[in-house]
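Dear colleague,

Please find below the structure that I am handing over to you. My notes on it follow.

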Amino acid sequence: MKNWTLLGEAPVPGADKSLHLYQGKDDFFIKITGVSGELMSTRKHGSEDALGTLPCQRLQDTQSAKVLIGGLGMGFTLAAALKEVGTNAQVTVAELVAEVVEWNRGPLGAASGRPLDDPRTRVYVGDVARLLRKNQSCWDVIAMDVDNGPEGLTQGLNDRIYTTQGILTAQAALRPGGILAYWSAGPDQGFHDRLRRCGFLVEEIPVFAHGTKGPRHIIWLASQA
Ligand SMILES: C[S@@+](CC[C@H](N)C(=O)[O-])C[C@H]1O[C@@H](n2cnc3c(N)ncnc32)[C@H](O)[C@@H]1O
């Protein structure tokens, strides 16, 4: 922490926790109250990129795709999805913490290439679960990274997203042929099985957190059978 400067602090709605944005020498970090280590860092985003890239690459038609990303964070998943889709596409990012959007509009945004400035980007400030419930048969890709994975850290309420009911709600929000993608810090057989029981074909893809060695995260891609 010695050479880090605290740039901002934001309470997480519905949780007794705050996010803290720090600037280091060449990077930024976001930490969450009560958890050691960083929740996000601009140094390591290989698996966040993959969450945006992999499901969009599997679409038949990317030209006018409608993509929903759950959790802006540092904007890497959003930036990666925008690279894969066409000029008429729309990529909506839902972010619970309004200050995270402000941070990305400020100095933090340069690290991911300022995807919020892309004319195809739409921002929804609020709970992604709410947006999913409101929009049926709407999205070609839904890419979720609102937490550490099925074992939530940010908000206890996020656990709902990974239950059978949460998966069925996301499934109903997909267009025919759409793909559901989830990020996780590690494997979770129970969640994998729940996706399959909801009728999806499931791929579980380990992705390096950074570069080509070290810890790997998990991306699940769930497509309609
Ligand atoms: C791990 S970060 C996402 C990282 C992102 N994939 C990236 O490329 O940097 C999780 C983000 O989801 C947000 N979040 C948590 N719960 C949410 C919810 N229910 N709806 C929308 N956003 C949520 C957090 O505030 C945080 O910004």
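The face of H6 turned away from its buried side carries Gln-189, Arg-196 and Arg-197, which are exposed (over 50% relative accessible area; buried is under 20% and partly exposed lies in between, with a 1.4 Å probe and protein chains only). This is a predicted model, in which local features need pLDDT of at least 70 and side-chain atom pairs count only at pLDDT 80 or more, whereas totals for chains, interfaces and linings use all residues. Residues are numbered from 1 along each chain as its sequence is written, and side-chain values use heavy atoms, with hydrogens and water left out.

H6 spans residues 189–197, and its buried residues are Phe-191, His-192 and Leu-195. Seen down the axis of H6, these fall within an arc of 105°, so they line one face of the helix (the arc is that of the directions from the helix axis to the C-beta atoms). Helices (H or I, at least four residues) and strands (E, at least two) are DSSP runs, numbered from the N terminus. Just after H6, Gly-199 has a positive phi of about 95°.

Strand E2 (residues 18–23) has five of its six residues buried. Six bridges join E2 to strand E1 (residues 5–11) in an antiparallel arrangement (strands pair if DSSP finds at least two bridges between them), and Ala-10 has Leu-19 as its bridge partner in E2. E2 also pairs with strand E3 (residues 28–32), antiparallel, over five bridges; there, His-20 stands opposite Lys-31.

Yours sincerely
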